[in-house]
Amino acid sequence: MTAITKKPENPIAHLTPEDVEQLGIELDAIRQDVLDDRGERDAAYIRRVVHVQRRLELASRAVLLGSALPPLWVLGTVGLSVAKILENMEIGHNVMHGQWDWMRDPKIHSTTWEWDNASTAEGWKHAHNEIHHTYTNIVGKDNDLGYGIMRVDEDQRWHPMHLGQPLWNFVNACFFEYGIAAYDLELGRNLRVPKEKRSAEFKANLSKTLRKIRKQATKDYVVNPALAVPFGAFLPTLAANVTANLVRNVWSHSVIMCGHFPEGVETFEKRAIPDNETRGEWYLRQMLGSANISGSKAMHVMTGNLSHQIEHHLFPDLPSNRYAEIAPRVKALFEKYDLNYHSAPLPQQVYSAWHKVVRLSLPNGWLATTTAKNLPTQAKLLWAMTTKGPKVRRAAQARLQQQARKQAQAA
Amino acid sequence: MSIAVPSHHTRGSRGFSLRQSLRRVAEAAVTPLELGDVLDVFHPLRRGREGLQGRIVAVTAETAESATILIKPGRDWAGHVPGQYVRIGVDVDGVRLWRTYSLTHGPRADRCISITVKAIPGGVVSNHLVHAVRVGTMVQLEQAEGEFVLPQPLPHKLLLVTAGSGITPVIGMLRNLFSRRVPPDVDIVLVHVNQCADTAMFRDELRAHGAAGRITLIERYDDVHGVLDVSDLPTLVPDLDERLAYGCGPAGLLDALEAHHAARGLALTTERFRTVLVEPGDGGTVTFADGREIEADGATPILDAAETAGVLMPSGCRMGICMGCVIPLKQGAVRDLRNGAVTVAVPGETDPAGVPIQTCISAAAGACHIDEGARSR
C-alpha cells in the first residue's frame with residue numbers, strides 16, 4: 001500500500017478537520033460507556049480465562065507424561081498448543097496492555113505480568129505498547145511494518161534482499177517468539193554498531209532476554225521432557241513441546257500479520273503526521289491502519305481478540321472481552337464518516353497478507369508489467385537490479401513505475 | 001574474603017537442600033509463572049503463600065444494616081489479640097479495595113476470624129460486604145494489627161465506652177473473656193451508645209452477658225436518652241475513677257471522652273475508626289519518594305509537572321495507552337484528564353503498596369505522594 005497522502009484518491013480527503021474532531025469525540029464516548037459499565041462481569045471473565053488456561057496447561061503437561069502412547073501425545077500436544085496460544089494472546093498480550101490494571105489485582109497487572117514467550121515483558125511492552133501503538137503504520141517509525149526484515153509497503157525502498165522475504169516470513173512465522181525478542185531488542189540495528197560502542201541499555205536488555213530464553217527453553221525442552229523419563233516419554237514430550245511452540249508461533253504470526261498487513265490497510269508518511277497530532281487524527285490513523293478478522297467466538301478468543309484489531313487499536317486499554325460488544329458501534333462510525341471498515345475471514349486475510357509479502361518482494365511495478373511474452377526480458381531486468389548496484393536499480397525502478405503507470409492509464 | 005565451611009556441616013541439612021532442589025526443578029518447570037501461581041490453583045490458603053488470603057465461609061446479618069463475615073484465613077495467619085483489627089482487600093465490582101475492620105471474635109477453635117461490618121451510607125466496601133458478598137469469595141488479608149487490647153494481667157475494674165460500630169473491637173474482647181472455661185475475675189462496665197435499639201449491633205448478646213451478671217451493661221439510645229454527654233459518666237458509673245477505661249467510637253465522642261478523662265487525671269485507651277476523607281481538589285502538592293515536592297496544577301499531567309521539575313520518571317507513549325508510566329500513588333487523589341475520573345489512595349484504607357496510576361494522563365487532585373522509583377526496585 002502506498003502511504004495515504006501519496007495516493008491518487010485519498011480516502012480521507014472528504015473529511016474536514018471538524019469532522020475528524022467530531023469523530024474523536026464520538027469514539028471517546030464509546031470508550032467512556034465501556035469504562036462506566038466495566039466491573040465484576042469483566043473481572044470474572046479474565047479470571048475465568050486465566051483459570052481455564054492454567055488448568056489446561058497443567059492437565060496437558062500431565063497427559064504428556066504418558067505421551068509414549070500416540071493418542072495421549074496428540075491430546076497433550078493439542079492441549080498445550082491451545083494453552084500456550086491463550087496465554088500469549090488473550091491473557092499475556094492484553095494484560096500487558098494494562099487492560100485489567102483497573103482491577104488493582106497485583107496478580108493480573110501490566111507491571112507484574114511475565115509471559116510464556118522468548119521476549120521479556122519489559123522489552124515487549126516498550127516496543128509494542130509504546131512504539132507500535134503510538135506510531136501505528138507510519139512508514140519509518142513503526143517497525144511493525146515488516147519488522148525491519150520485510151518490505152510490506154510500496155514506500156519502503158526495494159532491495160535485492162527482499163526477494164527472499166517470502167522465505168524470511170515463513171521462517172519468522174516458525175520462530176516467531178524469537179523474532180519478537182530480536183525485534184524488541186532492535187537486534188539488527190544494535191548488532192551493526194561496533195561491539196564496544198553498544199549502549200549499556202542494549203547490553204542489559206540483551207542479557208535479560210538471553211536469560212529469559214534460557215529459562216523458557218529449559219522448561220520446555222529439558223525439565224518437562226525429563227519429568228517424563230520415568231514413563232519412557234522423554235522424546236515424545238520434547239517433540240510435543242517443540243510442536244506446541246511451533247503451532248503457537250505460526251498461529252500468532254498469522255493473526256498479527258492480519259492486523260496490519262492485508263491489502264487495503266493504509267499507511268502514513270512520517271512528514272504528513274503533524275507534530276501535535278490531535279486525538280481525532282490519531283483515532284483516524286488507527287481506524288485506517290488496522291484490519292479485523294471475522295469469525296466465531298472461539299476464534300476471537302484464540303486470537304486474543306486481535307481479530308478486533310480496529311477496536312483494539314482505537315482502545316488498546318479496554319478489556320478485550322468488550323471489543324466484540326463495541327464493534328457494531330465502531331462500524332457504524334466508519335459508515336457515518338464513509339471510511340472502509342476492513343474485515344474478512346481468517347483465510348482471506350492471511351492470504352491477502354501473504355500476497356502482499358510476495359508481491360512486494362519484487363520491485364514496485366515489476367509484477368504489473370510482466371506478461372508471459374516479456375518474461376525473459378523482465379527476468380533479465382530483475383537480475384540486473386539484483387546484481388548491478390544501486391544506480392542501475394534506481395534507473396530500472398523508475399522505468400518500471402513509468403511503464404506500470406502508462407499501462408494503468410491505458411486500461 | 002570468604003570463609004570455608006567444613007563439609008560435614010552441610011551434611012546435616014541434606015533434607016533441606018533436597019527440598020530446595022526439588023523446588024528449583026518445580027520452578028524451572030512452570031516458569032514464567034511462579035510456583036505459587038500454580039499452587040494457587042489447588043490450595044490458595046496454603047502455608048507460605050506470598051500474600052495472605054482468606055475465604056468467606058459465612059455471612060450472618062446482625063441488624064438490617066450490619067453483618068458478620070466469617071473468614072477462614074490462610075495457614076500463615078499469625079493469630080491476633082482481641083481488640084486488634086485486620087486490613088482486608090475485597091473485590092467490589094471487579095476492583096480491589098482495602099479497608100480496615102476490627103476482629104469481632106477472640107481466637108476461635110476453628111481458626112476462623114470474623115469482622116462485623118456496618119453499612120455506611122455511600123460506603124462502597126461496607127455495603128458490598130453487608131448486602132452483596134457471597135460465601136466462598138476470596139479476600140486478601142494482612143496480619144492483625146492494633147494496640148487497642150486489654151493489658152495482661154487484667155485489671156480488676158474496667159470501663160468500656162463504645163458507640164455504634166465502636167462495639168466491634170470490644171465484642172471481640174468480651175467473647176474471648178467469656179469463652180474461657182474459668183470466667184475472668186474482672187468487673188466490667190460497658191456503656192454502649194447507639195442511635196436506637198434497632199441499629200444496635202450485638203444487642204441481644206450483650207444483654208445476655210448483662211443478664212447473666214458477667215458485665216454491667218448501660219445501654220444509651222440517642223432517640224430515648226438523647227446524645228450522651230460525657231459529663232454524665234460519673235453519674236452512670238459512680239466508681240469511674242477506679243476503672244481502667246477504653247473507648248471506641250466516632251471522633252466526637254472520643255475527643256470529649258479524652259478531654260473528660262484528662263481533666264480527671266485518668267488513663268484512657270482509644271481506638272479511632274478513620275473514614276476516607278480525601279476531598280478531590282484541583283491541583284496540589286505532589287511529593288515524591290526522593291523527598292522532592294512540586295506544585296502541580298489540575299490541568300497538567302503529573303508526568304509533565306514532575307519532569308519539568310527535574311524528577312526522573314518512567315514514561316512511555318504519553319497518551320494513556322502503553323502503561324509505561326504506571327507507578328503507585330501512595331496517598332492523595334489524582335484526576336484522569338481524559339474523563340475526569342478521580343482515583344484516591346488513603347494509607348490504611350487502600351492497597352498498602354499504593355494505587356497504581358498512569359502519570360501521563362493523571363493530574364493532581366489535591367496533595368499526593370507518589371513513588372516514582374517503584375518500577376526500578
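Start with chain B of this predicted model: its pLDDT, the predictor's confidence in each residue from 0 to 100, averages 89, and 93% of the residues score at least 70. Residues are numbered from 1 along each chain as its sequence is written, and chains are lettered from A in the order in which they are written. Local features here need pLDDT of at least 70, side-chain atom pairs count only at pLDDT 80 or more, and totals for chains, interfaces and linings use all residues.

Colour chain B by pLDDT. Among its elements, strand β2 (residues 66-73) has the highest mean, 97. Helix α1 (residues 7-11) has the lowest, 46. Helices (H or I, at least four residues) and strands (E, at least two) are DSSP runs, numbered from the N terminus. Now select residues 1-12 of chain B: the pLDDT is below 50 there. Where pLDDT is low, the predicted coordinates should not be read in detail.

Next, the sheet. Select β9, β8, β7, β10 and β11 of chain B: in that order, these five strands form an open, parallel sheet. Strands pair if DSSP finds at least two bridges between them. Which strands stand at the edges? β9 (216-221) and β11 (268-272) of chain B do; each has a single partner strand, so one side of each is left without a neighbour in the sheet.

Zoom in on β7 (residues 157-163) and β8 (residues 187-194) of chain B. They pair in the parallel sense over seven bridges. Find B:Lys157: B:Asp187 in β8(B) stands opposite.

Finish with two helices. Helix α5 (residues 167-178) of chain B packs on the sheet, touching β7, β8, β10 (244-249) and β11 of chain B. Helix α6 (residues 203-211) of chain B also packs on the sheet, touching β8 and β9 of chain B. Contact means C-beta atoms, placed from the backbone, within 7 Å.

Conventions
Axes fitted to C-alpha atoms, helices over the stretch in contact; angles between N-to-C directions.
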